[in-house]
Amino acid sequence: MASAGKGTRGALNLLKNLPRVGLNNIKPLPGAFFKAPRRMGGGKSKRKCGRGHKGQGQRGTRPRLGFEGGNTPFYLRIPKYGYYENHSRRRQYPPLSLYRLQYLIDMGRIDTTQPIDLASLTIGRALNINPKRQHYGINLVEEGADIFQAKINIEVQYASELAIATVERNGGTITMSYYDPMSLHILVDPIGFFTKGIPIPKRALPPEDLVEYYTSAESRGYLADPKEIQKARLALAEKYGYKLPDLSLEERFKMLSIRKDPRQVLFGLGAGWLVDMNRKTVLKPTDPELLEFYKS
Amino acid sequence: MATSMAREFPRLAFLCNFRVVSPCLGSSTTSKYCRTQNDTCMQVARYRAPPFPLDRSRYIPDKSDPKTPEFQKTLKFDRKLWGRHGEASGFDPSICWPTKAELAEVQEEERDWCLTLQEMQQNIAIRRAEEEKARIAREKRIAANMAKMPKLIEQVHEERRLKKEQLEEAKKRKEHLIAKARERLGYNVHPNSPKFEAMLEEIENEERKQKKKAKKAKQEAMREAFKAALATAEAAKIQDGATINTDVPLKAHKTQDD
């Protein structure tokens, strides 16, 4: 290295220029790990290749797993019960703890000066959301509620009461919003979607069994009345015993009050718009029918 | 907040990269850095987004060539080409939006399958009202039944008591009969034996005869009383203006219902 030298100056130069220590640039001292040498069978007379001697084991004719010689096997004796009925079709909301969120904010992987939604969490590698695995969004979990200390405008799909209280107590806002699987695909990988040449679709409304949740103020649903939400914020502050900070006095009030339209998938982009990644331009439709369709 | 490193290792503060906090759309972290006088500076990670896949080859299929596969001549493929290459694909961006037919199809689908928020809320309201109604009806029924409970409990106790009494009575009666039989026949008779039954019949007959006798005696007594009453009436009739003693009970003639 050009700036390498001897003594303190050399060391200081190294420190200045070497990258941050990570798992990709350290290695153990020689002799730290001992890999046991692979041993062959004891002696030349054993030539069974680990298969044993005669029988089904060596000849590879063992019956299927679970077979018990002919009597009804255990896995068929036990009667069925619908614990797992339709389990592969149920909606899943992988958890994101407040602890991890605080960690990501501290590491700078999530920008608190902008509204946080699933797209920014995916870019910051908070979670791995895969719509193909019946993931419908993120569930904000209470672990780390006692050390959480960030002012954020976050949008998740489910959060418990304590998580909501934690976020609001620290001067932030939280909203619960619904993304149908297509919108979730777009949110999780926007650039991949833009290369498909399809205009951004409208976000669908939640199904009937979720409408109540997303229209209630207690759960800060995105379809709820803002006045009711304000009342609910005060009620929650009373319940958990903290003073609700007045957001209108914040310098970031504008940022904290940014919300997506119920039909909008990405911040700053509307339904029916087309993004040209090569020229970095956005194209909007002009046909009145199309406009009407995308506005409905 | 995020300058934990600067706080913990003040001598290495110069290593922390700071970023100007400026409002911008899109919430991904950028990789631009500059020193700032702003005291709300924060450490932002060096996230290098993967480069956008610009297709250097830029293959645009020749539609007139018969060798090109069919799928490369479809509208869907053209849209994808436009998505990847933009204006360089040579297509008009308007192909990306749905055609009239496609739009009509999508609208029809929406109309058939998607309910509006108001409709969904109405359905929910109806369902909740029905549930509430059922719940109230059930609670009313339970309350009414619970109100009846003390009475029913008492009834049950009564029935049990009566039954017990009846059993005891029957037992006593039987014992009485056995004692009688023993008296009559002189030894311990078993209730199931024919002699016992014969004895029972005898007793019954005797009782019937006694009853008849008692009845006859009663009737005789009544007749006597009646005659006596008549006699006094006759005697009273002879004297005009005399009061008749009408205190004698005159009952109707009893029918034989033995």
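Let me start with the open sheet in chain A of this predicted model. Three strands make the sheet, in the order 1-2-4, and the pairing is parallel. Strands here, like helices, are DSSP runs numbered from the N terminus: at least two residues of E for a strand, at least four of H or I for a helix. Two strands count as paired if DSSP finds at least two bridges between them. In general, strands of a sheet pair through backbone hydrogen bonds, either parallel or antiparallel.

Strand 1 (95-97) and strand 4 (158-159) of chain A are the edges, each pairing on one side only. Helix 4 of chain A, residues 98-106, packs on this sheet and touches strand 1 and strand 2 of chain A. The direction of helix 4 makes about 60 degrees with that of strand 1 of chain A. A contact means heavy atoms within 4.5 Å. Axes are lines fitted to C-alpha atoms, for helices over the stretch in contact, with angles from 0 to 180 degrees between N-to-C directions.

Strand 2 of chain A, residues 139-141, pairs with strand 4 of chain A in the parallel sense over two bridges. Asn139(A) has Tyr158(A) in strand 4 as its bridge partner.

A word on conventions. Residues are numbered from 1 along each chain as its sequence is written, and chains are lettered from A and ligands numbered from 1 in the order in which they are written. Local features need pLDDT of at least 70 and side-chain atom pairs 80 or more, while totals for chains, interfaces and linings use all residues; side-chain values use heavy atoms, leaving out hydrogens and water.

Next, strand 3 of chain A, residues 153-156. Which way do its side chains point? Asn153(A) and Glu155(A) point one way, Ile154(A) and Val156(A) the other, and all are buried. Buried means under 20% relative accessible area, exposed over 50%, and partly exposed in between, with a 1.4 Å probe and protein chains only. Strand 3 runs parallel to strand 5 (residues 173-176) of chain A, joined by four bridges. Val156(A) stands opposite Met176(A) in strand 5.

For chain A as a whole, there are twelve helices and seven strands. Of its 296 residues, 39% count as buried.

Now the charged pairs. A salt bridge is a side-chain nitrogen of Lys or Arg within 4 Å of a carboxyl oxygen of Asp or Glu. How many are there over all chains? The search finds 24 salt bridges. One of them joins Arg233(A) to Glu168(A), with the closest N and O atoms 3.6 Å apart. Arg233(A) lies in helix 10 (residues 226-240) and Glu168(A) in helix 6 (residues 161-169) of chain A, so the pair ties together parts 65 residues apart in sequence. Arg233(A) is buried at 6% relative accessible area, and Glu168(A) is buried at 1%.

Helix 10 of chain A also holds Glu228(A) and Lys231(A), three residues apart, about one turn of the helix. Their closest N and O atoms are 3.7 Å apart in a salt bridge. Glu228(A) is partly exposed at 37%, whereas Lys231(A) is exposed at 53%.

In chain B, Lys73(B) forms a salt bridge with Glu70(B), the closest N and O atoms being 3.9 Å apart. Lys73(B) is partly exposed at 26%, and Glu70(B) is exposed at 59%.
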